[in-house]
Structure formats: structure tokens, C-alpha cells
Amino acid sequence: MDLGLEGRTALVCASSRGLGRACAYSLAREGVHVILNGRTEATLLDAAQEIQALTGRTVHTVVADVRSEAGRQALYEACPNPDILINNAGGPPPGDFREWAHDAWIAALEQNMLAPIFMIKHVIDGMLEREFGRIVNITSAAVKAPIPTLGLSNGARSGLTGFVAGLARQVVHKNVTINNLLPGPFETERLRANIDYVAKQQSASFEKIYEERKQSNPAKRFGQAEEFGDACAYLCAAQSGFMTGQNIVLDGGHYPGTL
Ligand code: NAD
């Protein structure tokens with residue numbers, strides 16, 4: 001299926017590895033000019049070279065921390081009029097909510113709620129004028145089924161989800177869509193860090209918890225980042241203009257509800 005994206009431009013936040021990188025790769029493969037972002041230049045350049053080699057497309061990079069206004073400004077300057085915006089950042093640390101002081105909450109809100117909202121604020125008017133825009137926020141399956149140890153993530157991402165639900169309905173008449181992709185367990189460094197935390201808490205080995213989590217998923221495996229990237233590319237497709245304000249879970253069937 002041709003996604004009709006040839007020649008479009010995408011700003012992909014936090015894309016030097018993991019799910020963000022996979023989204024950038026899938027979009028580049030569809031002929032999109034991709035701007036990659038990460039905080040460490042060497043890792044970012046490696047990712048860019050890899051995507052260029054795999055797709056034959058030129059990929060640009062912006063070293064910036066998406067949590068800061070200065071970082072976001074650098075992204076806007078490098079790509080003032082993206083057709084596609086993929087919002088992503090690291091996830092907040094796991095823990096017990098009794099241990100989180102005010103600063104921890106503010107950091108989570110900055111990273112997983114306010115940074116994507118400010119990114120959207122910057123790009124949306126241009127998208128409305130050009131009558132094409134695709135915004136995908138990488139959130140978490142925790143928005144639909146909260147994970148007890150990830151209270152900061154459960155809370156901050158739900159705030160973003162509520163905001164997006166309102167905004168998406170105000171911009172779709174100009175062919176601008178906003179959707180959230182909710183990853184369940186995907187085999188990335190973030191997943192390994194979370195498993196490591198649980199293993200230490202339970203005084204169990206990493207391998208034991210890793211295997212238990214894998215077997216407890218109906219798919220009996222973890223998701224692969226490429227599967228996530230391809231779902232993201234589909235949400236950005238020319239043909240996806242009637243799908244907006246949705247929260248799409250990719251979790252191998254782990255969420256047990258009918259709807
Ligand atoms: P990851 O840790 O493997 O990769 C995160 C990427 O974001 C890295 O390239 C990192 O350098 C970059 N990054 C982090 N903070 C940044 C910042 N402030 N500015 C710019 N770049 C930044 O994580 P992942 O597994 O790809 O997860 C992506 C998002 O999805 C995270 O928010 C994570 O919490 C969430 N998530 C992941 C899973 C999973 O199983 N992998 C499940 C649920 C939610």
C-alpha cells in the first residue's frame with residue numbers, strides 16, 4: 001500500500017533509538033524527509049547513518065533535549081513547517097508515589113505532557129493553513145491500564161491524552177489529525193530498565209522476570225520496534241485523514257477488555 005507520503009517532512013522527537021527511531025525509519029522508507037532528534041550527538045548520528053543506509057533517504061539530525069524550551073526552539077528552527085510530528089521522550093522512572101516529591105511530578109509533567117503540547121502548539125497552525133498534518137504522540141498502554149510502579153507515567157500521560165482528545169476534534173476539518181499510539185511491552189532499552197527495576201524489587205533475576213513477562217503476554221513475545229514504526233507510518237498516511245483522537249494500543253493483546 002502506498003501511504004502517499006513521498007516528499008512530506010517529519011519531525012520525530014526522541015528518535016535516536018527504540019520506538020522513536022523505528023517511527024523515523026518507517027517514515028523515511030515511505031519517502032518522508034525525516035528530522036531525527038536525540039540528546040547525544042554520537043548516538044543520533046549512528047541512527048541517522050543507519051536509516052540513510054537502509055532507505056537511501058537523506059536524514060537530518062538535531063541534538064536537543066525536547067523537555068527544555070531551548071531544545072524545542074532548536075527543533076522548530078531546524079524544521080519550521082513539518083507535515084508530520086511524532087512526539088516522544090523518555091519515560092519517567094518507576095517507584096512508589098510516597099517517594100516522589102514535587103520536583104519528580106513536575107519533571108514527569110514537563111517530559112510527558114507539556115513538551116508534546118508545546119510541540120503541537122508550534123506546528124499546528126502551519127498544518128491547518130496547508131490542510132495537511134499528522135501528529136502522533138507515543139504514550140503508553142499505561143494510559144489505558146495503569147501500571148502500579150509507573151505512577152508518574154500513568155498520571156502525566158493521561159493529562160496529555162485528555163488535552164489531545166479535545167484538540168483533535170477542533171483541527172480534523174482541515175485534514176490535521178492527532179492520535180496516540182500506546183505501546184505495551186516492546187523490546188527496547190526502556191523495557192529492559194523496567195524489568196531490571198522489578199527484578200531488583202522482587203530479588204529475582206532479570207532473566208526470570210523477562211521470561212515471565214514475555215510468557216504472560218497473549219502473543220508470548222515482546223513487540224518489535226519495527227512493528228510500532230509501521231503502525232505509526234500508517235497513522236501518518238494520506239489515507240488516514242478520518243482517524244483522529246484515537247488511542248491505539250499495540251500490546252500483543254495484553255489489555256483484556258473487549259473495547
Ligand atoms: P528508549 O529508552 O529505548 O528510547 C528513548 C529515546 O528517546 C532514546 O533515543 C533517547 O535518547 C531519547 N530521549 C529520551 N529523552 C529525551 C529527551 N528529553 N529529548 C530528546 N530525546 C530523548 O525508550 P522506548 O522504549 O523507545 O520508549 C519510547 C517511549 O515509549 C518512552 O516514553 C517510554 O516510556 C514509552 N513506552 C515504552 C514501552 C516499551 O515497552 N518500550 C512501553 C510503554 C511506554
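Select Asn179 and Met243 to begin: a polar atom in the Asn179 side chain lies 2.9 Å from the backbone oxygen of Met243. This is a polar contact (a pair of N or O atoms within 3.5 Å; within protein, one must be able to donate a hydrogen and the other to accept it, and residues adjacent in sequence count only if both atoms are side-chain atoms). Before you go on, know that you are looking at a predicted model, in which local features need pLDDT of at least 70 and side-chain atom pairs count only at pLDDT 80 or more, while totals for chains, interfaces and linings use all residues. Residues are numbered from 1 along each chain as its sequence is written, and side-chain values use heavy atoms, with hydrogens and water left out.

**Stop 1: around Asn179**

Now colour strand 6 (residues 176–183), where Asn179 sits. Helices (H or I, at least four residues) and strands (E, at least two) are DSSP runs, numbered from the N terminus. Is Asn179 buried or exposed? Asn179 is buried, because its relative accessible area is 1%; buried means under 20%, exposed over 50%, and partly exposed in between (1.4 Å probe, protein chains only).

**Stop 2: Ser15**

Next, select Ser15 in the loop between strand 1 and helix 1. Its relative accessible area is 0%, so Ser15 is buried. Follow the Ser15 side chain to the backbone oxygen of Val12, at 2.7 Å. Leaving aside neighbours within four places in sequence, Ser15 is in contact (heavy atoms within 4.5 Å) with Gly20, Arg21, Ala24, Leu36, Asn37 and Ala47.

**Stop 3: the nonpolar cores**

Show Leu27, Val34, Leu36 and Ile86: of the 34 residues in the largest nonpolar core, these touch the most other members. Such a core is a set of buried Ala, Val, Leu, Ile, Met, Phe, Trp, Tyr and Cys residues joined through side-chain atoms within 4.5 Å. Among the elements that each supply at least two residues of this core are strand 2 (33–38), strand 4 (84–87) and helix 8 (225–235). Which element gives the largest share? Helix 1 does, with seven residues.

Zoom in on Ile86: beyond its neighbours within four places in sequence, its contacts include Leu11, Leu27, Val136 and Cys232. Then look for another core, apart from this one, with 25 residues, among them Tyr76, Ile124, Leu160 and Ala168. In soluble globular proteins, nonpolar side chains tend to be buried together.

**Stop 4: the ligand**

Now select the ligand. How many residues surround the ligand? There are 28, each with a heavy atom within 4 Å of the ligand, and the closest are Ser16, Leu19, Ala89, Arg157 and Thr188. They divide into ten nonpolar, eleven polar and seven charged. Here Ala, Val, Leu, Ile, Met, Phe, Trp, Tyr, Cys and Pro count as nonpolar, Asp, Glu, Lys and Arg as charged, and the others, Gly among them, as polar.

Taken alone the ligand exposes 830 Å², and the protein buries 94% of that (Shrake-Rupley method, 1.4 Å probe). Finish by colouring helix 6, which gives the most to the shell, with three residues.
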